[in-house]
Amino acid sequence: MQTLTIRQPDDWHLHLRDAATLAAVLPYTARVFARAVVMPNLRPPVTTVEQAHAYRDRIMAALPPGLAFEPLMTLYLTGATTPAQIDAAHASDYVHAVKLYPSRATTNSDAGVRSLAECRAVLARMERLDLPLLVHGELARADVDVFDRERLFLDEVLAPLQRDFPGLRIVLEHVTTRDAVQYVEEARGRVAATITAHHLLYNRNAMFLGADGAAGMRPHFYCLPVLKREGHRAALVAAATGGNARFFLGTDSAPHPRAEKESACGCAGCFTAPLALEMYAQAFEQAGALDRLEGFASNHGADFYGLPRNSGTITLRRQVPPALPPITAQGQEIAALPVHDAAWSVDAVTPVAGG
Ligand code: DOR
Ligand code: ZN
(Lines give C-alpha, C1' and ligand atoms only; values in the text may rest on other atoms or scores of the structure.)
(Ligands and ions follow the chains in the order given, each with its own letter.)
Protein backbone atom coordinates (compact mmCIF):
# COMPACT_ATOMS: atom_id res chain seq x y z
CA MET A 1 0.00 0.00 0.00
CA GLN A 2 1.54 3.31 -1.07
CA THR A 3 -1.23 5.74 -0.23
CA LEU A 4 -3.95 5.82 2.38
CA THR A 5 -6.97 8.11 2.15
CA ILE A 6 -9.11 8.61 5.24
CA ARG A 7 -11.79 11.00 6.42
CA GLN A 8 -10.16 14.22 7.64
CA PRO A 9 -9.19 13.73 11.31
CA ASP A 10 -9.69 15.91 14.40
CA ASP A 11 -7.30 16.38 17.32
CA TRP A 12 -9.25 15.91 20.56
CA HIS A 13 -6.46 17.27 22.82
CA LEU A 14 -4.22 20.15 21.79
CA HIS A 15 -2.22 22.98 23.35
CA LEU A 16 -1.99 26.05 21.13
CA ARG A 17 -0.70 28.58 23.69
CA ASP A 18 -1.14 32.24 22.76
CA ALA A 19 0.34 35.23 20.91
CA ALA A 20 3.53 34.52 18.90
CA THR A 21 3.64 30.82 19.85
CA LEU A 22 0.01 30.38 18.78
CA ALA A 23 0.79 31.92 15.40
CA ALA A 24 3.87 29.72 14.99
CA VAL A 25 2.26 26.37 15.88
CA LEU A 26 -1.35 26.67 14.68
CA PRO A 27 -0.64 26.15 10.94
CA TYR A 28 0.83 22.69 11.62
CA THR A 29 -2.41 21.49 13.18
CA ALA A 30 -4.77 23.32 10.83
CA ARG A 31 -2.96 21.87 7.80
CA VAL A 32 -4.15 18.38 8.76
CA PHE A 33 -6.93 18.48 11.35
CA ALA A 34 -10.39 19.95 10.74
CA ARG A 35 -11.03 20.63 14.42
CA ALA A 36 -9.16 20.46 17.69
CA VAL A 37 -10.11 20.56 21.36
CA VAL A 38 -8.03 23.47 22.63
CA MET A 39 -6.73 23.14 26.17
CA PRO A 40 -7.28 26.11 28.52
CA ASN A 41 -4.06 26.02 30.57
CA LEU A 42 -2.86 29.48 29.57
CA ARG A 43 -1.42 31.91 32.10
CA PRO A 44 -3.87 33.01 33.44
CA PRO A 45 -6.11 30.04 32.62
CA VAL A 46 -9.24 30.26 30.47
CA THR A 47 -11.91 29.95 33.16
CA THR A 48 -14.91 31.82 31.72
CA VAL A 49 -16.96 31.71 28.55
CA GLU A 50 -15.95 35.29 27.82
CA GLN A 51 -12.28 34.36 28.02
CA ALA A 52 -12.88 31.32 25.83
CA HIS A 53 -14.60 33.55 23.26
CA ALA A 54 -11.70 36.00 23.21
CA TYR A 55 -9.17 33.14 22.95
CA ARG A 56 -11.17 31.64 20.09
CA ASP A 57 -11.04 34.99 18.29
CA ARG A 58 -7.24 35.12 18.71
CA ILE A 59 -6.95 31.60 17.29
CA MET A 60 -9.09 32.47 14.26
CA ALA A 61 -7.03 35.63 13.72
CA ALA A 62 -3.82 33.56 13.75
CA LEU A 63 -5.14 31.09 11.16
CA PRO A 64 -3.34 31.34 7.80
CA PRO A 65 -5.69 32.39 5.01
CA GLY A 66 -7.23 29.53 3.08
CA LEU A 67 -7.11 26.99 5.93
CA ALA A 68 -10.44 25.83 7.35
CA PHE A 69 -10.16 24.98 11.04
CA GLU A 70 -12.57 24.97 13.96
CA PRO A 71 -11.20 25.33 17.50
CA LEU A 72 -13.36 23.55 20.06
CA MET A 73 -12.94 25.57 23.22
CA THR A 74 -12.72 24.36 26.82
CA LEU A 75 -12.94 25.94 30.27
CA TYR A 76 -10.38 25.36 33.02
CA LEU A 77 -12.14 24.03 36.11
CA THR A 78 -11.24 25.70 39.40
CA GLY A 79 -12.73 25.69 42.89
CA ALA A 80 -14.35 29.00 41.94
CA THR A 81 -16.16 27.80 38.81
CA THR A 82 -19.93 28.29 39.22
CA PRO A 83 -22.94 26.42 37.85
CA ALA A 84 -23.92 29.66 36.07
CA GLN A 85 -20.66 29.48 34.11
CA ILE A 86 -21.55 25.93 33.12
CA ASP A 87 -24.94 27.19 31.91
CA ALA A 88 -23.19 29.85 29.84
CA ALA A 89 -20.75 27.31 28.41
CA HIS A 90 -23.57 24.99 27.47
CA ALA A 91 -25.51 27.84 25.86
CA SER A 92 -22.51 28.88 23.74
CA ASP A 93 -21.81 27.10 20.49
CA TYR A 94 -18.04 27.12 20.94
CA VAL A 95 -17.31 25.75 24.46
CA HIS A 96 -17.45 21.97 24.21
CA ALA A 97 -16.02 20.75 27.51
CA VAL A 98 -14.50 21.59 30.89
CA LYS A 99 -10.98 20.47 31.80
CA LEU A 100 -10.00 19.14 35.21
CA TYR A 101 -6.37 19.68 36.14
CA PRO A 102 -5.57 18.33 39.58
CA SER A 103 -3.60 21.06 41.29
CA ARG A 104 0.15 20.79 40.61
CA ALA A 105 -0.23 17.76 38.34
CA THR A 106 1.28 19.37 35.26
CA THR A 107 2.19 22.53 33.31
CA ASN A 108 0.11 25.54 34.45
CA SER A 109 -2.00 23.52 36.85
CA ASP A 110 -1.40 25.59 39.98
CA ALA A 111 -4.90 27.12 39.58
CA GLY A 112 -6.33 23.59 39.31
CA VAL A 113 -8.61 21.65 41.58
CA ARG A 114 -7.39 20.61 45.04
CA SER A 115 -10.37 18.41 45.83
CA LEU A 116 -13.39 17.52 43.74
CA ALA A 117 -15.45 18.22 46.85
CA GLU A 118 -15.06 21.89 45.80
CA CYS A 119 -16.80 21.20 42.51
CA ARG A 120 -19.86 19.13 43.29
CA ALA A 121 -22.49 21.67 42.22
CA VAL A 122 -20.62 22.33 38.99
CA LEU A 123 -20.22 18.62 38.22
CA ALA A 124 -23.92 18.05 38.89
CA ARG A 125 -24.78 20.83 36.44
CA MET A 126 -22.43 19.40 33.81
CA GLU A 127 -24.02 16.00 34.25
CA ARG A 128 -27.49 17.49 33.82
CA LEU A 129 -26.54 19.53 30.75
CA ASP A 130 -24.35 16.75 29.33
CA LEU A 131 -21.24 18.92 29.06
CA PRO A 132 -18.18 16.62 28.97
CA LEU A 133 -15.49 16.68 31.66
CA LEU A 134 -11.96 16.20 30.35
CA VAL A 135 -9.63 14.78 32.96
CA HIS A 136 -5.90 14.97 33.49
CA GLY A 137 -5.84 11.68 35.38
CA GLU A 138 -2.93 11.80 37.78
CA LEU A 139 -2.88 11.73 41.55
CA ALA A 140 -0.30 14.44 42.10
CA ARG A 141 0.59 13.82 45.73
CA ALA A 142 4.15 14.18 46.92
CA ASP A 143 4.14 10.67 48.39
CA VAL A 144 3.02 9.02 45.15
CA ASP A 145 5.66 7.73 42.74
CA VAL A 146 5.49 9.67 39.47
CA PHE A 147 5.08 6.42 37.49
CA ASP A 148 2.09 5.35 39.63
CA ARG A 149 0.11 8.58 39.48
CA GLU A 150 -2.27 7.58 36.72
CA ARG A 151 -3.00 4.14 38.15
CA LEU A 152 -3.80 5.51 41.61
CA PHE A 153 -6.00 8.26 40.17
CA LEU A 154 -8.34 5.62 38.73
CA ASP A 155 -9.32 4.12 42.07
CA GLU A 156 -8.98 7.17 44.28
CA VAL A 157 -10.57 9.85 42.09
CA LEU A 158 -12.14 8.59 38.87
CA ALA A 159 -14.15 5.66 40.22
CA PRO A 160 -15.72 7.75 43.03
CA LEU A 161 -16.40 10.56 40.54
CA GLN A 162 -18.26 8.15 38.26
CA ARG A 163 -20.13 6.68 41.19
CA ASP A 164 -21.32 10.13 42.29
CA PHE A 165 -22.10 11.42 38.78
CA PRO A 166 -22.98 8.32 36.76
CA GLY A 167 -24.35 10.28 33.81
CA LEU A 168 -21.34 12.59 33.42
CA ARG A 169 -19.57 12.25 30.08
CA ILE A 170 -15.84 11.93 30.78
CA VAL A 171 -12.72 11.82 28.61
CA LEU A 172 -9.69 10.43 30.41
CA GLU A 173 -7.02 12.35 28.57
CA HIS A 174 -3.70 10.98 27.28
CA VAL A 175 -3.91 7.53 28.90
CA THR A 176 -0.50 5.94 29.45
CA THR A 177 -1.07 2.67 31.31
CA ARG A 178 -2.74 -0.69 30.79
CA ASP A 179 -4.64 0.08 34.00
CA ALA A 180 -6.28 3.12 32.41
CA VAL A 181 -7.03 1.21 29.22
CA GLN A 182 -8.69 -1.51 31.24
CA TYR A 183 -10.64 1.02 33.28
CA VAL A 184 -12.02 2.66 30.14
CA GLU A 185 -12.82 -0.68 28.50
CA GLU A 186 -14.72 -1.94 31.51
CA ALA A 187 -16.35 1.24 32.85
CA ARG A 188 -20.11 1.20 32.87
CA GLY A 189 -20.51 4.97 32.54
CA ARG A 190 -19.82 7.20 29.57
CA VAL A 191 -16.02 7.22 29.59
CA ALA A 192 -13.67 7.53 26.65
CA ALA A 193 -9.93 8.19 26.38
CA THR A 194 -7.51 10.01 24.12
CA ILE A 195 -4.13 8.51 23.26
CA THR A 196 -1.13 10.52 22.06
CA ALA A 197 1.15 9.54 19.19
CA HIS A 198 4.26 9.67 21.36
CA HIS A 199 2.79 7.31 23.95
CA LEU A 200 2.01 4.85 21.11
CA LEU A 201 5.53 5.01 19.67
CA TYR A 202 7.78 5.34 22.70
CA ASN A 203 8.25 3.77 26.09
CA ARG A 204 10.14 5.35 28.99
CA ASN A 205 13.50 4.17 27.67
CA ALA A 206 13.21 6.97 25.10
CA MET A 207 13.92 9.46 27.90
CA PHE A 208 17.13 7.68 28.86
CA LEU A 209 18.79 6.60 25.63
CA GLY A 210 21.00 8.56 23.29
CA ALA A 211 21.92 7.73 19.71
CA ASP A 212 22.22 3.97 18.97
CA GLY A 213 21.09 3.03 22.46
CA ALA A 214 24.01 4.71 24.25
CA ALA A 215 23.29 6.24 27.66
CA GLY A 216 21.77 9.73 27.66
CA MET A 217 19.08 11.98 29.04
CA ARG A 218 16.49 13.22 26.55
CA PRO A 219 14.33 16.02 27.91
CA HIS A 220 12.35 16.24 24.66
CA PHE A 221 10.61 12.96 25.53
CA TYR A 222 9.51 14.24 28.94
CA CYS A 223 5.78 14.86 29.17
CA LEU A 224 3.03 14.27 31.71
CA PRO A 225 1.76 11.71 32.28
CA VAL A 226 5.30 10.48 31.80
CA LEU A 227 6.12 7.68 29.29
CA LYS A 228 5.71 4.26 30.90
CA ARG A 229 7.33 0.85 30.47
CA GLU A 230 6.93 -1.26 27.33
CA GLY A 231 4.00 -3.39 28.52
CA HIS A 232 1.93 -0.26 29.00
CA ARG A 233 2.85 1.07 25.56
CA ALA A 234 1.77 -2.25 24.06
CA ALA A 235 -1.59 -1.98 25.86
CA LEU A 236 -2.10 1.51 24.42
CA VAL A 237 -1.34 0.28 20.90
CA ALA A 238 -3.80 -2.58 21.35
CA ALA A 239 -6.47 -0.13 22.55
CA ALA A 240 -5.90 2.41 19.77
CA THR A 241 -5.79 -0.16 16.99
CA GLY A 242 -8.46 -2.47 18.38
CA GLY A 243 -11.46 -0.65 16.93
CA ASN A 244 -13.06 0.21 20.30
CA ALA A 245 -14.89 3.54 19.80
CA ARG A 246 -13.99 4.64 23.33
CA PHE A 247 -10.44 5.39 22.21
CA PHE A 248 -9.56 8.26 19.91
CA LEU A 249 -6.82 10.59 18.75
CA GLY A 250 -5.57 13.40 20.99
CA THR A 251 -2.02 14.54 20.36
CA ASP A 252 -1.45 16.55 23.55
CA SER A 253 0.97 18.47 21.35
CA ALA A 254 2.49 20.89 23.88
CA PRO A 255 4.98 23.44 22.57
CA HIS A 256 7.69 24.83 24.86
CA PRO A 257 10.71 26.98 24.10
CA ARG A 258 13.72 24.79 23.51
CA ALA A 259 15.65 26.63 26.24
CA GLU A 260 12.99 25.65 28.78
CA LYS A 261 13.04 21.98 27.83
CA GLU A 262 16.83 21.81 27.78
CA SER A 263 17.33 23.22 31.25
CA ALA A 264 18.15 22.21 34.82
CA CYS A 265 14.42 21.93 35.56
CA GLY A 266 12.86 21.18 32.19
CA CYS A 267 9.15 21.49 31.55
CA ALA A 268 6.79 18.70 30.54
CA GLY A 269 5.33 18.47 27.06
CA CYS A 270 6.09 17.09 23.61
CA PHE A 271 5.42 19.30 20.60
CA THR A 272 4.25 16.78 18.01
CA ALA A 273 1.82 18.81 15.87
CA PRO A 274 4.14 19.08 12.82
CA LEU A 275 4.27 15.28 12.33
CA ALA A 276 1.38 14.04 14.44
CA LEU A 277 -0.69 12.17 11.88
CA GLU A 278 2.49 10.76 10.37
CA MET A 279 3.45 9.40 13.80
CA TYR A 280 0.04 7.82 14.34
CA ALA A 281 0.22 6.22 10.87
CA GLN A 282 3.59 4.76 11.79
CA ALA A 283 2.23 3.30 15.04
CA PHE A 284 -0.79 1.80 13.29
CA GLU A 285 1.36 0.35 10.50
CA GLN A 286 3.73 -1.23 13.02
CA ALA A 287 0.67 -2.90 14.55
CA GLY A 288 -0.57 -4.06 11.13
CA ALA A 289 -3.70 -1.97 11.63
CA LEU A 290 -3.65 0.89 9.13
CA ASP A 291 -7.23 -0.02 8.26
CA ARG A 292 -8.23 1.05 11.78
CA LEU A 293 -6.57 4.47 11.63
CA GLU A 294 -9.65 6.21 10.24
CA GLY A 295 -11.94 5.10 13.06
CA PHE A 296 -9.46 6.21 15.71
CA ALA A 297 -8.43 9.47 14.04
CA SER A 298 -11.60 10.61 12.33
CA ASN A 299 -14.75 8.91 13.66
CA HIS A 300 -14.68 7.89 17.31
CA GLY A 301 -13.99 11.33 18.77
CA ALA A 302 -16.68 13.11 16.80
CA ASP A 303 -19.17 10.41 17.74
CA PHE A 304 -18.34 10.66 21.45
CA TYR A 305 -18.63 14.47 21.45
CA GLY A 306 -21.87 14.25 19.47
CA LEU A 307 -20.44 16.31 16.59
CA PRO A 308 -20.74 15.51 12.89
CA ARG A 309 -17.92 13.57 11.30
CA ASN A 310 -15.87 15.62 8.84
CA SER A 311 -16.66 15.15 5.19
CA GLY A 312 -13.24 16.12 3.80
CA THR A 313 -10.50 13.56 3.25
CA ILE A 314 -6.77 13.40 3.72
CA THR A 315 -4.24 11.27 1.87
CA LEU A 316 -1.06 9.87 3.38
CA ARG A 317 1.75 8.66 1.18
CA ARG A 318 4.42 6.14 2.09
CA GLN A 319 7.38 8.43 1.90
CA VAL A 320 9.72 9.96 4.46
CA PRO A 321 8.38 13.41 5.37
CA PRO A 322 10.58 16.40 4.51
CA ALA A 323 12.81 17.70 7.30
CA LEU A 324 11.13 20.39 9.37
CA PRO A 325 12.55 23.88 9.44
CA PRO A 326 13.23 25.22 12.96
CA ILE A 327 9.98 26.64 14.34
CA THR A 328 10.46 29.90 16.20
CA ALA A 329 8.30 32.38 18.08
CA GLN A 330 9.77 35.79 18.89
CA GLY A 331 13.26 34.57 18.14
CA GLN A 332 12.97 31.56 20.45
CA GLU A 333 13.07 28.10 18.96
CA ILE A 334 10.20 25.79 19.92
CA ALA A 335 11.41 22.32 20.87
CA ALA A 336 10.01 19.66 18.53
CA LEU A 337 10.08 15.97 19.37
CA PRO A 338 12.91 14.30 17.43
CA VAL A 339 10.99 11.77 15.34
CA HIS A 340 12.95 8.91 13.84
CA ASP A 341 12.21 6.77 10.80
CA ALA A 342 8.80 8.22 9.96
CA ALA A 343 7.53 6.27 6.98
CA TRP A 344 4.37 8.18 6.06
CA SER A 345 3.78 11.78 5.11
CA VAL A 346 0.65 13.80 4.55
CA ASP A 347 0.22 14.19 0.84
CA ALA A 348 -3.02 16.03 0.20
CA VAL A 349 -6.00 17.36 2.09
CA THR A 350 -9.43 17.90 0.63
CA PRO A 351 -10.99 19.74 3.53
CA VAL A 352 -14.63 20.30 4.22
CA ALA A 353 -14.55 21.20 7.91
CA GLY A 354 -17.11 20.03 10.37
CA GLY A 355 -19.78 18.95 7.93
O1 DOR B 1 3.31 17.12 29.19
C2 DOR B 1 2.37 17.87 29.33
N3 DOR B 1 2.40 19.14 28.88
N4 DOR B 1 1.28 17.43 29.96
C5 DOR B 1 0.28 18.26 30.28
O6 DOR B 1 -0.65 17.79 30.88
C7 DOR B 1 0.33 19.70 29.95
C8 DOR B 1 1.23 19.94 28.84
C9 DOR B 1 1.59 21.40 28.68
O10 DOR B 1 0.68 22.25 28.74
O11 DOR B 1 2.76 21.70 28.44
ZN1 ZN C 1 -2.49 18.34 27.55
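**The ligand shell, cavities and pocket of a predicted model**

The structure is a predicted model, in which local features need pLDDT of at least 70 and side-chain atom pairs count only at pLDDT 80 or more, while totals for chains, interfaces and linings use all residues. Residues are numbered from 1 along each chain as its sequence is written, chains are lettered from A and ligands numbered from 1 in the order in which they are written, and side-chain values use heavy atoms, with hydrogens and water left out.

Several polar contacts (pairs of N or O atoms within 3.5 Å) can be described here. An oxygen atom of ligand 1 lies 2.8 Å from a polar side-chain atom of R17. The side chain of T106 has an N or O atom 3.0 Å from an oxygen atom of ligand 1. The backbone takes part too: a polar backbone atom of A268 is 3.0 Å from a nitrogen atom of ligand 1. On its own, ligand 1 has 290 Å² of accessible area, and the protein covers 100% of it; such areas come from the Shrake-Rupley method with a 1.4 Å probe.

Next come the empty spaces. Rolling a probe the size of a water molecule over the atoms shows where empty space is left. On a 1 Å grid over the protein atoms alone, a cavity is a set of points where a 1.4 Å probe fits but cannot get out, and a pocket is an open set with protein on both sides within 12 Å along at least five of seven lines; lining residues have an atom within 4 Å of a point. Grid points are joined across faces, edges and corners, and a volume is the space filled by probe spheres set on the points.

The structure holds three cavities of 30 Å³ or more. The largest cavity, with a volume of about 120 Å³, is where ligand 1 sits, in the sense that more than half of its atoms lie within 2 Å of the grid points. Lining this cavity are 16 residues, with H15, T106, T107, L224 and D252 nearest its centre. Its lining has four nonpolar, nine polar and three charged residues.

The second largest cavity has a volume of about 40 Å³. Its lining includes T176, H199, Y202 and K228, and helix α8 (residues 230-241) gives the largest share, three residues. Helices (H or I, at least four residues) and strands (E, at least two) are DSSP runs, numbered from the N terminus.

The largest pocket has a volume of about 800 Å³. Of its 33 lining residues, R17, R43, T107, N108 and H256 are the closest to its centre. By class, this lining has 15 nonpolar, eleven polar and seven charged residues. Both α1 (19-30) and α2 (49-62) supply at least two residues each, and α1 gives the largest share, three residues.

Some backbone details complete the picture. R43 and P44 are joined by a cis peptide bond with omega of about -10°, and P44 lies in the loop between β3 (35-38) and α2. Another cis peptide bond joins L224 and P225, with omega of about -5°; P225 is found in the loop between α7 (197-201) and α8. Within helix α1 lies A19, a residue other than glycine whose phi is positive, near 55°.

Technical notes: Polar contact = N/O pair within 3.5 Å; in protein donor to acceptor, adjacent residues only side chain to side chain. Nonpolar A, V, L, I, M, F, W, Y, C, P; charged D, E, K, R; others polar.
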